[in-house]
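Biologist: Hi! I'm new to this one, could you walk me through it?
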Amino acid sequence: MPRQLERSSIHDETCPRFQEALEVVGRRWTGSILVAAAQGARRFGEYRAVIDGISDRLLSQRLKELERQELIKRTVVPTTPVQITYSLTATGEALIDALQPLVKWNMRRAAAAAHASVHTGTDGG
């Protein structure tokens, strides 16, 4: 039996919010940046150190995008030299919380695939 969904759900053709949300979190490196922020990264160099493979230019670009989307807050600390820190906003923290069920779903899916490949002798790829 089909699942009953409320109006403005992911199956409502008039509601683009689902696709919009996927585009926000689905951009390359965005998830890694948000996770780094949730785990305590504050300075640009800290983000670069924990996100293997991201270029300085792309990290800077993504941080600016996340700031415009009000997911990351940029703070200028007036010291010598000037320090710039980045942190999750309340909206960014809410997004991390909202993504937790998706992460758990994917972990279960990956574990099931690994279990199946052990029992069938395939590598899943």
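Modeller: Happy to; we can start with the overall layout and then look at two residues. Keep in mind that this is a predicted model.

Biologist: What about contacts between residues 24 or more positions apart?
Modeller: Taking the contacts with a separation of 6 or more, 41% are between residues 24 or more positions apart.

Biologist: Let's zoom in. Where does R62 sit?
Modeller: R62 is part of helix α4, which covers residues 56-68.

Biologist: Is R62 buried or exposed, and why?
Modeller: R62 is buried, because its relative accessibility is 6% and the cut-off for buried is under 20%.

Biologist: Which residues does R62 contact, leaving aside neighbours within four places in sequence?
Modeller: R62 is then in contact with R27, R28, W29, T30 and I33.

Biologist: Now a strand, please. Where is T85?
Modeller: T85 lies in strand β2, residues 83-88.

Biologist: Why does T85 count as buried?
Modeller: T85 has a relative accessibility of 19%, so it falls under the 20% cut-off.

Biologist: And what does T85 touch?
Modeller: Setting aside residues up to four places away in sequence, T85 touches R42, R43, K73, R74, T75 and V77.

Notes:
Residues numbered from 1 in each chain as written. Predicted model: local features only at pLDDT ≥ 70, side-chain atom pairs only at ≥ 80, totals over all residues. Heavy atoms only, no water. Helix = DSSP H or I, 4+ residues; strand = E, 2+ residues; numbered from the N terminus. Buried < 20%, exposed > 50% of the residue type's maximum accessible area, 1.4 Å probe, protein only. Contact = heavy atoms within 4.5 Å.
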